[in-house]
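The following paragraphs lead the reader through one protein structure. They begin with a pair of strands and then turn to the protein as a whole.

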Amino acid sequence: MYIGSYPSTSNLKLALIESQDLNLARSWQLPSHQYANRASSITPASEAFLSQIAVWPLIDSTRLQPYDHMRVWDGMDSSSHISFSSPSPPIATMTENPNLQRALLQRLSELPPISIFDSTKVASIDDGPSPSSQDSLNLSSYPSITLSSGQKILARLLVGADGLNSPVRTFAGIPTRGWDYERHGVVATVKYSGCDVFNGNRNGVTAYQRFLPSGPIALLAMPGDYATLVWTTTPGKAAKIKSLADEDFVAMVNAAFRLDNVDLEYMTGLENGQTGELNWRCSVTGVREDESCIPRLIENVQEGSVASFPLRYRQADSYISSRIALVGDAAHTVHPLAGQGLNMGLADVRSLTKTIEYTVEHGGDIGDEMYLDRYNSEMWMQNNRMLGVTDKLHKLYGVSWGPLVGIRSMGLKLVDQLDPVKIWLMKQAGGIET
């Protein structure tokens, strides 16, 4: 998209291959009181990039929700917490993934013609044909993509943005390293109780995250009274939570932000009746409803919005090979606890397009590894650091051993008192240059 809009690269021929029907994405629309259950936290750096390529203004702003406060605490020690504040720019802005996808497609339609093959799968990827004579052009190093329609495309540069099980990465023979977390992320769209929790004010909005031994649970605000839930837990617990009646599902979410882990374990084991159990336990333990500490009570869950997905850690050994570049989940897969997955993918795209622009301006071959290494050198280590941080946080807060809980609680309390450190952490997470 950036490539098609920049003078030095606007003459490159571009093709997009997508297995899904993009007309569904172009026409996506939900009522104002419903939100997609797959939403992303867009950092200031990602927002700046989307603005640069003229996509951000095309996103439906009525369905965006910036948040400028964040509270994170340890589920094993409620006194151990850290709070972040950043009124301008906000810490991040929540958007539904389909809202962003629709804007991207609209922007594509405004650029010079791009060959789009949607509702089309890649049947195979092979090396290009060998020259038939000494005078013939040698295209044997070019990837040859055969589509499900039978059409063939030769690429000077094939960009794999094709997910965790990337066929492009497989063709290139690039290995990956990592593991499955044996955790699932449960997502849903939920509604806060009360009337207009933010009173129409987009300022002063807080995101909440609590680290439980089985994984973190987060509520990220959407416009009005709505929020996106992301709850990391074991596959068995995820299946149980998803199977609950709506009122008991809501009770479990409210309990996860209020009760001790032993209470949660007991409630998860119940076949039903979590609503009554929560009310009784809150009355006994004297839970104080304070929005500076915990989110407002959830009132209901949007019908059909509860889903889950497995969590994994993956990092490709390299993001490039000859005439190949990998971006997004094809290159790396990160734990969602920091909300960095989409932002890392957008950073990949920004870096790769700058690399292509540089190559064209210097008369180089955009598929040459020598030039592509600029992208790999910039992004591999940067992403590896983020992958390492999220992985270590997951492991650190997955331990309930008393002495370690005490040590990490002391560390978190200390960092919460060091404003310069917190500012640095926010800039790192937001992709803001220091």
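**A guided reading of the model**

In this predicted model, strand 4 (residues 69-74) pairs with strand 13 in the parallel sense, and six bridges join the two. Within this pairing, W73 stands opposite R210 of strand 13. Strand 13 also pairs with strand 14 (residues 215-221), here in the antiparallel sense and over five bridges. R210 has a bridge partner in strand 14 as well, namely I217. Strands 13 and 14 form a hairpin, with two residues between them.

How many of the residues of strand 13 are buried? Strand 13, which spans residues 206-212, is mostly covered, for seven of its seven residues are buried. Both of its faces are covered. On one side lie T206, Y208, R210 and L212, and on the other lie A207, Q209 and F211; all of these are buried.

Y397 itself is found in the loop between helix 11 (369-396) and helix 12 (402-416). Is Y397 buried or exposed? Its relative accessibility is 7%, and a residue under 20% is called buried, so Y397 counts as buried. Y397 and T93 are 304 residues apart along the chain, and their C-alpha atoms are separated by 26 Å.

S305 lies in the loop between strand 16 (298-301) and strand 17 (307-316). S305 counts as buried because its relative accessibility is 3%. When neighbours within four places in sequence are left aside, S305 is in contact with N37, V187, A188 and T189.

Strand 18 and strand 19 (residues 324-326) run antiparallel and are joined by two bridges. In this arrangement, I320 stands opposite A325 of strand 19.

These elements may now be placed within the whole. The protein has 13 helices and 20 strands. Its radius of gyration is 24 Å, close to the 22 Å that the globule rule gives for 434 residues, so the protein is as compact as a globular protein of that length. Taken along the principal axes, the C-alpha atoms fill a box of roughly 85 × 45 × 40 Å. Of the 434 residues, 48% are buried. Among contacts between residues at least 6 apart in sequence, 74% join residues at least 24 apart.

The surface and the charges complete the description. The accessible surface comes to about 20,500 Å², and 53% of it belongs to carbon and sulfur atoms. There are 36 positive and 45 negative side chains, and the centres of these two sets lie 2 Å apart.

Terms used
Residues are numbered from 1 along each chain as its sequence is written. This is a predicted model: local features need pLDDT of at least 70, side-chain atom pairs count only at pLDDT 80 or more; totals for chains, interfaces and linings use all residues. Side-chain values use heavy atoms; hydrogens and water are left out. Two strands pair if DSSP finds at least two bridges between them. Helices (H or I, at least four residues) and strands (E, at least two) are DSSP runs, numbered from the N terminus. The radius of gyration is taken over C-alpha atoms; the globule rule is 2.2 Å times the number of residues to the power 0.38. Buried means under 20% relative accessible area, exposed over 50%, partly exposed in between (1.4 Å probe, protein chains only). Contact means heavy atoms within 4.5 Å. Accessible areas come from the Shrake-Rupley method with a 1.4 Å probe; for residues, only the protein chains shown count as cover. Lys and Arg count as positive and Asp and Glu as negative; His and the chain ends are not counted. The place of a charge is taken as NZ of Lys, CZ of Arg, CG of Asp or CD of Glu.
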